[in-house]
Amino acid sequence: MSRTCYNDVLPFSAMMMIECIIVGGNTLFKSATSQEINSYVFTTYVFLVGFLFLFPCPFIVRRKSSIPPLKFAIVAKLFLLSLIGYMSQIFGYVGIKYSSPTLSSVMSNLAPAFTFILAFFFRVEQLNLRSYSSQAKIVGTVVSISGALVATLYNGPSVTILSDSSKSLYWIIGGILLASQNFLLSFVLVSQAQIMIQYPVELMVVFIFGLSGMIVAAFAGLIMVRDLDAWKLKPDKMLASIIYMGISTGFLSGLIQVWALRLKGPVYVAMFKPLSIVIAVAMGVIFLGDSLHLGSVVGGIIISLGFYAVLWGKAKEDGGVHYNEASSSAQTSPLLQEHALEEGQ
């Protein structure tokens, strides 16, 4: 019973909580953008707040005696991933400015499709064209990408009674940036899953990733924004957004996602994105006065259908085998097989 709770109930509950937290942060950020804070400045402060909460991680890890040595190659990989993660943050913030948190949540449903493609490319996921499960994942991926194109290229009339304040060109730019954000995030998820196989210490992985991200963000921010007045903060909604996003996405979300990656794998982590649509729509309409457009509704439905096709294929293929138990099953990925052989030599 306790094993089932740890392997199934706890990851499910944690990932649902993370989606609610992320959508709440996006809504708060959109509400605070009227103050015209620079995206580079905002991102730097978010990484800084997140790192402050990650700072105790190495001291906690030192208390454990069975920690494997941290190699330079792992640190270098995490630094490169932090650079990619930083770029995805910038794309996401600018994309929300040009569109809305609702479109951000709609486009985030591309994550399972992108993650599946990258996981197959990096041999974390298997693909058998003769099996129904693999066919479902392929079809679901294509459908999800098609839905994202609909949501981006077709704004459509408002399906709420609120006025339309969006411009079509800005909407398309925002959609492209948000799609790029989710592709980069999917790459980070798959890459982190590989790193967790080599170095399964969640706290240290999250700490190094957070530290590297803060260094990258500060370096880019100081180069791109040299006006000192732009770095001044006031006790307002923007400061609240920075603190909230730093704690939620910079600390809590990263820690839980890395833990779920090791336990369940990258595709499982990406599968919870469709839950954010309803949350974002409700928050956007209630707190921001956003209009819900037909293109977002149709695109979201199409993406969700593709998502559940990928979900069904993944569940059918796993057959109840957990990601961290895959090395002893017949469905072991080539990457895990190679790592097991290396450990045995």
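Of the 30 residues in the largest nonpolar core, which touch the most other members? The views below are of a predicted model, in which local features need pLDDT of at least 70, side-chain atom pairs count only at pLDDT 80 or more, and totals for chains, interfaces and linings use all residues. Residues are numbered from 1 along each chain as its sequence is written, and side-chain values use heavy atoms, with hydrogens and water left out.

**View 1. The largest nonpolar core has 30 residues.** Leu-78, Tyr-86 and Val-205 touch the most other members. A nonpolar core is a set of buried Ala, Val, Leu, Ile, Met, Phe, Trp, Tyr and Cys residues joined through side-chain atoms within 4.5 Å; buried means under 20% relative accessible area (1.4 Å probe, protein chains only). H9 (202-224) gives the largest share, 11 residues. Helices are DSSP runs (H or I, at least four residues), numbered from the N terminus.

**View 2. Helix H2 (residues 39-54) crosses helix H4 (residues 72-98) at roughly 125°.** Their axes, lines fitted to C-alpha atoms over the stretch in contact, with angles from 0 to 180 degrees between N-to-C directions, come within 10 Å. Contact means heavy atoms within 4.5 Å; in H2, the residues meeting H4 include Tyr-40, Thr-43 and Phe-47.

**View 3. Helix H6 (residues 111-121) is largely enclosed by the rest of the structure, because eight of its 11 residues are buried.** Among them are Phe-114, Phe-116 and Leu-118. Arg-123, which follows H6, has a positive phi, near 65°.

Technical notes: Helix = DSSP H or I, 4+ residues; strand = E, 2+ residues; numbered from the N terminus. Buried < 20%, exposed > 50% of the residue type's maximum accessible area, 1.4 Å probe, protein only.
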